[in-house]
Amino acid sequence: MTQQINTTDHGNRQRTAIITGAARGIGAGVAKRLARDGLAVAVLDLREEDCAGTVAAITRDGGTAAAFAADVNDETAVGTAVSRIAAALGAPTVLVNNAGIGGPNAGVEETSTEQWDAVTGVSLRGAFFLTRAVAPFMIAAGWGRIVNMSSISALGDSGRVDYAAAKAGLIGFTKSLALRLGRHGVTANAIGPGFVVSEMTRIGAQRRGRSFDEHQRIVAETIPVGRVGQPEDIAHTASYLVSEGASFVSGQVIYVAGGPVD
């Protein structure tokens with residue numbers, strides 16, 4: 001049963017959410033769920049046309065959504081996109097910083113500067129740009145929800161030092177936001193997914209020379225609940241964190257990984 005949340009602000013208007021990297025995978029799953037919860041959703045990705053499928057699924061289900069394009073690692077592009085979103089859907093008071101990329105498995109000695117900058121730029125710098133652009137709307141409303149998509153890789157990943165550093169940085173960023181913005185009615189939390197079916201994990205299977213089905217089966221055997229994650233698993237957690245019921249939850253990291261993580 002879909003959780004219903006209060007989506008009205010002080011002016012009794014529908015709340016607006018921005019989800020980055022929402023063309024597919026976890027971002028698309030979160031966008032669809034928040035739309036079902038009653039939020040107007042800005043589906044943001046690198047190319048507007050890539051967002052069409054997510055937007056169509058939401059509107060077909062009776063929700064409100066529109067596609068927007070921006071390179072989250074581009075400060076000017078982010079500012080322009082947020083202004084467009086506010087004009088089209090209303091002041092954004094929910095932000096899910098989901099956009100991220102992963103490079104090939106590489107130890108620190110093999111990671112190029114370009115790869116480091118690209119991976120940390122999208123996940124960490126992008127989250128900073130979006131949050132800085134959206135925070136004034138939340139402060140003005142006296143209410144806001146920020147969810148940053150971290151990863152179990154934040155705990156350490158010898159083969160993806162760039163990705164691990166970016167996702168760990170998001171946790172420190174999240175806790176700092178919670179401390180700074182709590183007085184304004186704004187909460188900030190992070191979700192740390194484990195293995196979730198996505199284009200990124202599909203590519204990971206290819207790099208190991210496995211079919212994606214075989215890769216999922218192998219990974220599932222290492223997960224206590226006996227299965228891999230789906231985008232909907234992450235979306236359920238995001239739905240809770242942006243709800244009124246989570247108003248006393250801030251500065252936390254929730255690992256959604258099918259079992260405990262170290």
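Modeller: Let's settle one word before we start: two residues are in contact when heavy atoms of theirs lie within 4.5 Å. Keep in mind, too, that this is a predicted model.

Let's begin with Trp-116, which sits in helix H4, the stretch covering residues 113-141. Setting aside residues up to four places away in sequence, Trp-116 touches Thr-111, Gly-121, Val-161, Asp-162 and Ala-165. Is Trp-116 buried, exposed or partly exposed? Its relative accessible area is 36%, and buried means under 20% while exposed means over 50%, so Trp-116 counts as partly exposed. For a sense of distance, take Thr-201: Trp-116 and Thr-201 are 85 residues apart in sequence, and their C-alpha atoms are 19 Å apart in space.

Now over to Asn-97, in strand E4, which runs over residues 92-97. Asn-97 has a relative accessibility of 5%, so it counts as buried. What does it touch, once neighbours within four places in sequence are left out? The list is Thr-20, Gly-126, Ala-127, Leu-130, Thr-131, Ile-146, Val-147, Asn-148 and Met-149. Look again at Asn-148: its side chain and that of Asn-97 are joined by a polar contact of 2.8 Å.

With a relative accessible area of 17%, Gln-216 is buried. Apart from its neighbours within four places in sequence, Gln-216 is in contact with Phe-195, Val-197 and Val-228.

Last, let's look at a pair of helices. Two packed helices are described by the angle between their axes and the distance between those axes. Here the pair is H1, residues 25-36, and H2, residues 52-60, with axes that come within 10 Å and cross at roughly 20 degrees. Angles under 35 degrees count as roughly parallel, so H1 is roughly parallel to H2. The crossing of H1 past H2 is right-handed. Which residues meet there? On the H1 side they are Ala-28, Ala-31, Lys-32 and Ala-35, and on the H2 side Thr-54, Ala-57 and Ile-58. Sorted by kind, the residues of this contact are 5 nonpolar, 1 polar and 1 charged.

Conventions
Residues are numbered from 1 along each chain as its sequence is written. This is a predicted model: local features need pLDDT of at least 70, side-chain atom pairs count only at pLDDT 80 or more; totals for chains, interfaces and linings use all residues. Side-chain values use heavy atoms; hydrogens and water are left out. Helices (H or I, at least four residues) and strands (E, at least two) are DSSP runs, numbered from the N terminus. Buried means under 20% relative accessible area, exposed over 50%, partly exposed in between (1.4 Å probe, protein chains only). A polar contact is a pair of N or O atoms within 3.5 Å; within protein, one must be able to donate a hydrogen and the other to accept it, and residues adjacent in sequence count only if both atoms are side-chain atoms. Axes are lines fitted to C-alpha atoms, for helices over the stretch in contact, and angles run from 0 to 180 degrees between N-to-C directions. Angles under 35 degrees count as roughly parallel, over 145 as roughly antiparallel, 65 to 115 as roughly perpendicular and the rest as oblique. A crossing is left-handed if the near helix is turned anticlockwise from the far one by less than a right angle, and right-handed if clockwise. Ala, Val, Leu, Ile, Met, Phe, Trp, Tyr, Cys and Pro count as nonpolar, Asp, Glu, Lys and Arg as charged, and the others, Gly among them, as polar.
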